Amino acid sequence: MKRIINILFLLVLIVITGGCKNQSTENTPKKVAVIVSTLNNPWFVVLAETAAAKTRALGYETKIFDSQNNTALEADHFENAITSGYNAILFNSTDADGSIVNVMKAKEAGVPVFCMDREVNSTKAATSQILSDSYSGCIAIGKYFVQSLKKKGNYVELLGLVGDNNTWARSKGFHSVVDNYPGLKMVAQQSADFDRNKAMEVLESILQAHPDIDAVFCGNDAMAMGAYQALAAAGKANRVKVFGFDGADDALQAIKEGKVMATGMQYPKIMAETAALYAQKYFNGKRDFPQKVPVAVEMVTGENVRNYITKN
């Protein structure tokens with residue numbers, strides 16, 4: 001009889017403690033990791049902080065991880081997020097190919113990954129990818145570029161990170177228009193890693209070999225601002241036209257002041273908030289997400305910049 005009583009007592013104890021654990025797990029808020037390529041660019045700061053703010057507003061614990069454009073550091077962040085029990089990752093990749101292994105590792109661990117702005121070259125890794133339509137955006141900029149230069153002149157192109165698909169989508173969109181005009185000659189094309197300081201240094205070097213240029217097309221606004229600094233230091237800012245891409249606040253102000261000709265307005269807040277809402281839907285049981293979600297890009301020039309300064 002004592003043995004039966006002891007067994008019954010143990011069974012009741014197991015049921016009670018198990019129930020407590022389940023209740024504790026259910027009441028524990030979900031955790032969301034926001035892993036971004038770099039916080040050295042104000043545009044990505046907006047992306048990361050918007051994603052974090054939205055997930056917190058939805059009731060989830062959130063932490064931002066800065067990969068500093070380093071795939072090894074990015075891998076560490078993924079490992080940390082997985083082992084620390086994060087339930088979803090909102091992700092801005094450092095490399096379209098190199099980041100796949102990290103996303104797959106999260107997928108294998110049952111952690112969904114929602115890409116923001118930068119994609120990975122796989123349709124079987126991320127749960128969904130919310131991306132700007134960079135190609136179409138740069139077609140519009142290419143047309144304005146041709147119009148502004150009256151179909152002739154020498155120009156320089158500053159590329160972003162060579163491992164980022166956005167770099168090539170923007171370049172290809174631009175060239176799909178500009179290359180149709182033989183009077184426009186690209187005298188130099190060089191990567192500046194989407195970085196303002198590097199863009200300034202790269203253009204300073206290019207100007208030594210090609211002092212007589214008419215325009216600079218930059219793959220993002222940080223590089224456009226760096227290019228403008230280099231041109232200003234060389235006394236060429238008044239005659240060389242600068243074109244960017246992103247819609248960053250300082251670039252919008254530069255367009256208003258006549259320092260930059262145009263940019264492509266992306267919407268990091270839309271991409272970040274969409275990713276956060278997708279994570280919430282995943283937690284609620286949804287599994288059928290679109291693999292790629294395009295977000296339209298709008299061209300900003302001196303003619304309409306005031307609308308975007310107030311809107312952005």
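Two strands count as paired if DSSP finds at least two bridges between them; helices (H or I, at least four residues) and strands (E, at least two) are DSSP runs, numbered from the N terminus. The model is predicted, so local features need pLDDT of at least 70 and side-chain atom pairs count only at pLDDT 80 or more, while totals for chains, interfaces and linings use all residues. Residues are numbered from 1 along each chain as its sequence is written, and side-chain values use heavy atoms, with hydrogens and water left out.

**The sheet**

Select strands S5 (residues 128–132) and S11. These run parallel and are joined by 4 bridges. Gln129 has Lys292 of S11 as its bridge partner, and Ile130 stands opposite Val293. Along S11, Val293 and Val295 make up the covered face, whereas Lys292 and Pro294 make up the uncovered one.

Now widen the selection to the open sheet, in which 6 strands pair in parallel in the order S2-S1-S3-S4-S5-S11. S2 and S11 (292–295) are its edge strands, each pairing on one side only. On average, neighbouring strands are turned by 15° against each other, direction ignored. Axes here are lines fitted to C-alpha atoms, for helices over the stretch in contact, and angles run from 0 to 180 degrees between N-to-C directions.

Contact means heavy atoms within 4.5 Å.

**Ser67**

Is Ser67 buried or exposed? Ser67 has 0% relative accessibility and therefore counts as buried; the cut-offs are under 20% relative accessible area for buried, over 50% for exposed and partly exposed in between (1.4 Å probe, protein chains only). Beyond its neighbours within four places in sequence, Ser67 contacts Ile35, Val36, Ser37, Leu73, Glu74, His77 and Thr94.

**Aromatic pairs**

The structure holds 15 aromatic pairs. Rings of Phe, Tyr and Trp (its six-membered ring) pair if their centres lie within 6.5 Å; planes under 30 degrees apart count as stacked, over 60 as edge-to-face and the rest as tilted.

Select Phe145 and Phe174, an edge-to-face pair at 4.9 Å centre to centre with 85° between the planes. Phe145 belongs to helix H5 (residues 134–148) and Phe174 to helix H6 (residues 165–178), so this pair ties together parts 29 residues apart in sequence. Both Phe145 and Phe174 are buried. One aromatic cluster takes in Tyr144, Phe145, Tyr155, Phe174, Phe217 and Phe243.

Move on to Tyr282 and Phe289. Their ring centres are 6.5 Å apart and their planes at 25°, so the pair is stacked. Tyr282 is buried at a relative accessible area of 18%, and Phe289 is buried at 11%. Show the charged side chains here too: Arg287 lies over the face of Tyr282, at 3.6 Å from the ring centre, and Lys286 lies over the face of Phe289, at 5.3 Å. A charge sits over a ring if NZ of Lys or CZ of Arg is within 6 Å of the ring centre and within 35 degrees of the ring normal.

**Helix H9**

Finish with helix H9 (residues 249–256). Which residues of H9 are buried? They are Ala251, Leu252, Ala254 and Ile255. These cover an arc of only 160° around the axis, which puts them on the same side of H9; the arc is that of the directions from the helix axis to the C-beta atoms. After H9 comes Gly258, with a positive phi near 80°.
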